[in-house]
Structure formats: C-alpha cells, structure tokens
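Subject: Structure for your review

Hello,

The structure is below, followed by notes on what was found in it.

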Amino acid sequence: MTTTTDAPLGIVGVVDAVTAQLRGRILRGDIRSGTPLTEAAVSQTFGVARPSAKAAIEQLVAAGLLVRTAHRSARVVAIDPATVRDVYRTRARLESAALRDLAVDGTVPQAALDANAEILAMPPGPDPATVDPDLRFHTALIDALESERTGRMYRSVLDEVRLCMAQVQGRQLLDAAEIAAQHAEILDAVASGDADRAAALLDAHLSSAEERLVAALDAD
C-alpha cells in the first residue's frame with residue numbers, strides 16, 4: 001500500500017479562521033483600501049505561523065479583496081469607479097440570466113422572500129444592516145437554479161460584491177424601504193413569468209446602486 005503524507009491536521013481550520021477575521025475587518029472598513037498586509041504582520045496579529053498567514057493572504061487575493069503585485073506586499077484592493085462598474089455588471093449578467101430561467105415557470109425562491117422580509121421590517125432610511133439580507137436575496141436567485149457551477153461562478157465575486165455593497169450602505173446611499181420595494185417588483189415579475197420585465201427591473205436596481213457609489217467615489 002502506498003503511503004502518502006497528509007497536511008498537518010488543523011492547519012486548514014487555522015487558515016480559514018484567520019481568513020475570516022481579515023475578511024470581516026476589510027469588509028467593515030477596519031482595514032482601509034491600500035493598506036499593506038504582510039505575512040509577518042498577520043502572523044503577529046493572530047499568533048499563527050507564517051505559512052498560515054501566507055495561506056490566509058493568498059485566499060483573500062484569490063477572493064479579490066487583496067491585490068499583490070511583483071515584489072510588493074499584498075494590499076487591500078482599492079474600490080474605484082472602474083472596479084465598481086465591473087463588479088456590478090458582472091453580477092448583473094449572472095443574476096439577469098438567473099431571473100430569466102426562474103421566470104420560465106414562475107419560480108420565486110423562498111429564501112429571497114425571507115431575506116426581503118428582513119429588509120422590509122427595518123426602519124426606513126439607509127442602514128448598513130441591510131447588506132447581509134440584501135446579499136442573501138440576490139444569492140438566493142442564483143442558488144434557485146440549483147447549478148453548482150453557476151453558484152461557484154457567482155461566489156467567486158461575492159466578496160467584491162459585499163465590499164461594494166458595504167461602501168454603498170456605509171455612505172448611506174440607499175433607503176431600506178426602497179431596496180425592499182425594488183426586490184418585491186423583481187419577484188412579482190418572475191412570478192408572473194415576465195422575464196424581460198424582471199431583467200429590466202434588476203438592471204435598474206443594480207444600476208441605481210452602481211451610479212450612486214460611482215458618483216460618491218468621484219466626489220471623494
């Protein structure tokens with residue numbers, strides 16, 4: 001019998017834990033755009049070995065939250081207008097196709113209804129707390145297709161989507177009631193089988209957030 005050497009047990013858990021902590025700090029804005037993250041600093045901050053720190057950094061580079069150039073430390077990605085437009089248009093392509101498929105038989109995901117109910121229950125006005133249910137609403141549209149590969153494609157940009165959404169709500173650019181109303185219109189169009197209307201409403205919904213964030217970044 002051939003003997004293979006496995007990776008030390010527990011290292012994956014450590015790496016994932018450090019990655020999750022760093023991801024949370026970046027998405028909350030605790031670690032700002034352009035901030036360098038060295039293996040030594042991450043190792044010291046979290047009390048982990050350098051290989052674990054390096055692996056966590058590489059996971060965040062792959063997720064699009066960090067960027068690494070030759071001979072330089074990884075840095076928190078800068079959210080600029082070009083990045084925002086690319087992120088929003090990438091998700092629009094995927095979500096629009098999902099809505100058209102769901103509209104064929106009027107499938108309205110229960111998870112999307114539940115997430116939108118959370119937003120609807122929030123007090124009127126901009127609120128960073130809308131980010132999680134908002135993201136769950138849109139992810140539910142993708143998951144309802146029950147396609148492992150489509151879901152994987154969508155999740156490959158999910159951290160960048162969350163970062164943009166956090167910027168939108170952190171700047172108080174969208175009202176919770178407005179978000180919920182637009183979501184409800186999209187689901188109504190899907191339920192009635194009107195694929196074109198559902199796609200058009202989604203485009204308007206995402207474009208509104210995109211344009212407001214781009215305008216805010218330009219003003220900065």
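**Sheet, helix residue and pocket**

An open sheet is built from three strands in the order E1-E3-E2, with antiparallel pairing (strands, E, of at least two residues, and helices, H or I, of at least four, are DSSP runs numbered from the N terminus; two strands pair if DSSP finds at least two bridges between them). Strand E1 (36–37) and strand E2 (66–67) are the edge strands, each pairing on one side only. E1 runs antiparallel to strand E3 (residues 74–76) and is joined to it by two bridges. Opposite proline 36 stands arginine 75 in E3.

This is a predicted model, in which local features need pLDDT of at least 70 and side-chain atom pairs count only at pLDDT 80 or more, while totals for chains, interfaces and linings use all residues. Residues are numbered from 1 along each chain as its sequence is written, and side-chain values use heavy atoms, with hydrogens and water left out.

Threonine 19 is found in helix H1. Its relative accessible area is 1%, so threonine 19 is buried (under 20%, with a 1.4 Å probe and protein chains only). Beyond its neighbours within four places in sequence, threonine 19 is in contact with Ala56, Gln59 and Leu60 (heavy atoms within 4.5 Å).

The largest pocket holds about 240 Å³ of space (a pocket is an open set of points on a 1 Å grid over the protein atoms alone, where a 1.4 Å probe fits, with protein on both sides within 12 Å along at least five of seven lines; lining residues have an atom within 4 Å of a point; grid points are joined across faces, edges and corners, and the volume is the space filled by probe spheres set on the points). Of its 17 lining residues, Gly29, Arg32, Ser33, Ile79 and Gln167 are the closest to the centre.

Regards

Technical notes
Buried means under 20% relative accessible area, exposed over 50%, partly exposed in between (1.4 Å probe, protein chains only).
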